[in-house]
Amino acid sequence: MAAADAAPSSKADNRAKLSEPAPANPRQTGNNTFQFALANGMQVLVIPDHRAPVVTQMLWFKVGAVDDPPGISGLAHFFEHMMFRGTKEVPDDGFSQLIAKNGGEDNAFTDHDYTAFYEQIAKDRLPLAMKLEADRLVNLDLSDSHVGPERDVVLEERRMRVDNEPQALMSEQMHAALHLSHPYGRPVIGWAEEVRRIDRVSAQDFYDHHYAPNNAILVIAGDVTPDDVRKMAQDAYGKVAARELAPRAEFAEPPRLAETRMVIAHPDAKVPLFNRIYRVPSYAQGLPGQGVGLETYAQLVGGDQTSTLYHVLVEQKKLATDAGASYDGFARDAGEFSVYAVPRPGVSLEALEKAVDQVLTVSAIALPRDNELARAKTQLIASVTYRRDSQFALASAYGQALAIGLTVDDVNEWPKRIRAVSAEDVRRAAQSLSRKEAVAAYLIPGAGR
């Protein structure tokens, strides 16, 4: 959660916005999605869902941890918190209290590429939720009395979620080594020493140059019509003036020359762990077919207890108590492919890593069996089908895609693209994993040096 305060818009500003043309008519962009834009630059996506008289509003800002200023990592995440600190009209935690009193719930989250805020509420309360979001887009209270205490909250959150969690510390170190000069190597929550530098001035500047309607995507899923949303959005958000945005940097990462390896000993680690993360193309960055190939390969080789890694290492060779793989491809820049394994007592991490690599090597040589490939694709497509039962999951899927530069079609056609993945595509994905594009780590219980 979070927020900051910018100067309220003047009456002249509001009059100027009221005189601007109405937004364009909603345009159908899929089987059941509609898009339009407000005159101030806010993009709007509507997903009608009339099964219940409820609605999910998500406001996605194209700003995240990659946009943290040098030396102040964690500012985007901190600012998410500050968005709940109140405005002059709705002070303190009045935002969440009003949503709750009207039967709704709200929250927010920050990633490297975006920050999102959401409310789930009865459809007749949607104008209230929009009004509250529009208010804190303009009138946030960024006084020192709010910034200081919330900075302490974030530092405590970091202590609880990262500093006291050995696996989180290992992941943080691995990402810092993997991404070299790219800000994906900075933790979203920020390095503690840099979070302490956040003050009212840096928060105000971040607010002024990122939290603007022309940097936002509004996603509404629920019991609404596109025309209803068009009118409500214009009434609430159309009065908010566009702002000059801070340009987003484009990063050219230096080549990795070799695999990075690390051993982390921590007294709070309960069991040993092997983990390796590869830098790979994302959906937004890769060539057509690369993302779905990696997604399918991750599911087949390590997606669940039916996967190859689990079958070979846990059930067959009895070297591990758990093993798996995953692909994180929803990013503006590079994606990540991860493998992990937890050894059985008496099995060394070196032996376990060797066994993991044997599985990966075989999958890069031999084509997957037809029934295994079909099962992996069915599992992936089923997860998308089930997602359509949840307004929140549905709104999140579209919002995340749009926030990183993908389109509605990319979301709608994803199942079709998964179905088209061939055995050769999967083998090609396996062959694309390069050790020089990876960081491998051992986490072991015990005192570090």
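Student: How many of the 13 residues of helix 10 are buried?

Tutor: This is a predicted model, in which local features need pLDDT of at least 70 and side-chain atom pairs count only at pLDDT 80 or more, while totals for chains, interfaces and linings use all residues. Residues are numbered from 1 along each chain as its sequence is written, and side-chain values use heavy atoms, with hydrogens and water left out. Buried means under 20% relative accessible area, exposed over 50% and partly exposed in between, with a 1.4 Å probe and protein chains only. Helix 10 is largely enclosed by the rest of the structure, because the number of its 13 residues that are buried is 12.

Student: What is the reach of helix 10 from its first C-alpha to its last?

Tutor: Helices (H or I, at least four residues) and strands (E, at least two) are DSSP runs, numbered from the N terminus. Helix 10 covers residues 290–302, and its expected span is 1.5 Å times one less than its number of residues. The reach is close to that expectation, at 18 Å.

Student: At what angle do the axes of helix 12 and helix 17 cross?

Tutor: Axes are lines fitted to C-alpha atoms, for helices over the stretch in contact, and angles run from 0 to 180 degrees between N-to-C directions. Helix 12 spans residues 349–365 and helix 17 spans residues 423–432, and their axes come within 7 Å. The two helices are therefore oblique to each other, given that angles under 35 degrees count as roughly parallel, over 145 as roughly antiparallel, 65 to 115 as roughly perpendicular and the rest as oblique. The crossing angle is roughly 135°.

Student: Which residues of helix 17 do Ser363, Ala364 and Ile365 of helix 12 meet?

Tutor: Contact means heavy atoms within 4.5 Å. On the side of helix 17, the partners are Arg427, Ala430 and Gln431.

Student: How do the residues of the contact of helix 12 with helix 17 divide by class?

Tutor: Ala, Val, Leu, Ile, Met, Phe, Trp, Tyr, Cys and Pro count as nonpolar, Asp, Glu, Lys and Arg as charged, and the others, Gly among them, as polar. The contact of helix 12 with helix 17 divides into three nonpolar, two polar and one charged.

Student: How far apart are the axes of helix 2 and helix 5?

Tutor: Helix 2 (residues 75–82) and helix 5 (residues 144–163) pack at an angle of about 120°, so they are oblique to each other. The contact includes His77 and Phe78 of helix 2 and Val147 and Glu150 of helix 5. By class, it has five nonpolar, three polar and three charged residues. The axes are apart by 10 Å.

Student: What is the C-alpha to C-alpha distance between Ile99 and Ala420?

Tutor: Ile99 lies in helix 3 (residues 94–101) and counts as buried at 0% relative accessibility. Beyond residues up to four places away in sequence, Ile99 touches several others, among them Glu119, Ile121 and Leu132. Ala420 is 321 residues from Ile99 in sequence, and the distance in space is 44 Å.

Student: Where does Asp92 lie?

Tutor: Most residues other than glycine have a negative phi. Asp92 has a positive phi of about 55° although it is not a glycine, and its relative accessible area of 48% makes it partly exposed. Its place is the loop between helix 2 and helix 3.

Student: What is the relative accessibility of Lys318?

Tutor: Lys318 lies in the loop between helix 11 (308–316) and strand 10 (320–328), with a positive phi near 55° in a residue other than glycine. Lys318 counts as partly exposed because its relative accessibility is 48%.
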